[in-house]
Amino acid sequence: MTYQITVNGESQIVAAAPETPLLYVLRNDLGLNGPKFGCGLGQCGACAALVGGKLVRTCSMALRDVGGDPIVTLEGLGTVQKLHPLQQAFIEEQAAQCGYCSNGMIMAAKALLDRNPKPSDEEIRDALADQLCRCGVHNRVVRAVRKVAMEQMR
Ligand code: FES
Ligand code: FES
């Protein structure tokens with residue numbers, strides 16, 4: 001079947017079976033490698049993107065369920081020339097070791113700051129609690145998100 005989806009502001013036509021995980025479409029059909037394949041079971045958060053403004057584990061969302069909701073991936077946040085404030089803060093705070101979890105961390109932080117521009121430390125930790133990191137950079141990630149939140153408060 002063919003589906004029309006909107007990804008990072010662009011309309012795309014993709015041909016795939018209805019049950020195809022959105023993650024596969026993003027990575028394999030559209031070449032968007034920001035979202036990572038971690039567990040494939042909805043447990044790690046590495047594949048996260050925003051769908052209709054909500055944080056979604058794209059390995060666990062079937063293409064047929066996307067509907068008309070716009071999708072935003074890591075590639076839709078900033079560019080190398082003009083980084084998103086979260087991307088800039090992650091670099092400044094060195095909030096990645098292997099970097100495999102960074103996509104999910106940044107997208108979860110984006111979802112948080114979109115709904116709550118001035119989160120407390122506890123709210124930041126809560127929002128990131130289900131994003132797994134095997135390298136243990138959680139404290140740096142929290143610092144990076146806090147930095148962006150503080151800048152937004154000015
Ligand atoms: S790859 Fe989707 S939650 Fe782990
Ligand atoms: S930096 Fe390696 S999994 Fe988080």
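A salt bridge is taken here as a side-chain nitrogen of Lys or Arg within 4 Å of a carboxyl oxygen of Asp or Glu. The structure is a predicted model, and its protein chain is assigned to domain 1 (2-76) and domain 2 (85-152).

The C-alpha centres of the two domains are 21 Å apart. Their contact involves 18 residues of domain 1 and 13 residues of domain 2. The size of an interface is often given as the accessible area lost when the parts come together. For domain 1 and domain 2 this buried area is about 1,200 Å², with 59% of it on carbon and sulfur atoms. On the side of domain 1, Leu50, Leu55 and Leu74 lose the most area to domain 2, and together they account for 40% of what that side buries. Strands S3 and S4 (54-57) are the elements that give two or more residues to the side of domain 1 that touches domain 2. The largest share of that side, 3 residues, comes from S3.

Just after H1, glycine 31 has a positive phi of about 70°.

Histidine 84 is located in the loop between S5 and helix H2 (85-92). Its relative accessibility is 16%, so histidine 84 counts as buried, the limit for this class being under 20%. Leaving aside residues up to four places away in sequence, histidine 84 touches Leu77, Gly78 and Lys110. A polar atom of the histidine 84 side chain also lies 2.9 Å from the backbone nitrogen of leucine 86.

The structure as a whole holds 6 salt bridges. One of the salt bridges joins arginine 64 and aspartate 65, with the closest N and O atoms 4.0 Å apart. Arginine 64 is partly exposed, at a relative accessible area of 47%, and aspartate 65 counts as partly exposed at 47% relative accessibility.

Lysine 147 forms a salt bridge with glutamate 92, where the closest N and O atoms are 2.8 Å apart. Lysine 147 lies in helix H5 (residues 138-153) and glutamate 92 in helix H2, so this pair ties together parts that are 55 residues apart in sequence. Both residues count as partly exposed, lysine 147 at 26% relative accessibility and glutamate 92 at 41%. Lysine 147 forms a salt bridge with glutamate 93 as well, the closest N and O atoms being 3.2 Å apart. Because glutamate 93 is in the loop between H2 and helix H3 (102-115) while lysine 147 is in H5, the pair ties together parts that are 54 residues apart in sequence. Glutamate 93 counts as buried, at 18% relative accessibility. Salt bridges link Glu92, Glu93, Arg143 and Lys147 in a network.

Terms used:
Residues are numbered from 1 along each chain as its sequence is written. Chains are lettered from A and ligands numbered from 1 in the order in which they are written. This is a predicted model: local features need pLDDT of at least 70, side-chain atom pairs count only at pLDDT 80 or more; totals for chains, interfaces and linings use all residues. Side-chain values use heavy atoms; hydrogens and water are left out. Helices (H or I, at least four residues) and strands (E, at least two) are DSSP runs, numbered from the N terminus. Domain bounds come from an automatic or database domain assignment. Contact means heavy atoms within 4.5 Å. Buried area is the accessible area (1.4 Å probe) that two parts lose on being put together, summed over both. Buried means under 20% relative accessible area, exposed over 50%, partly exposed in between (1.4 Å probe, protein chains only). A polar contact is a pair of N or O atoms within 3.5 Å; within protein, one must be able to donate a hydrogen and the other to accept it, and residues adjacent in sequence count only if both atoms are side-chain atoms.
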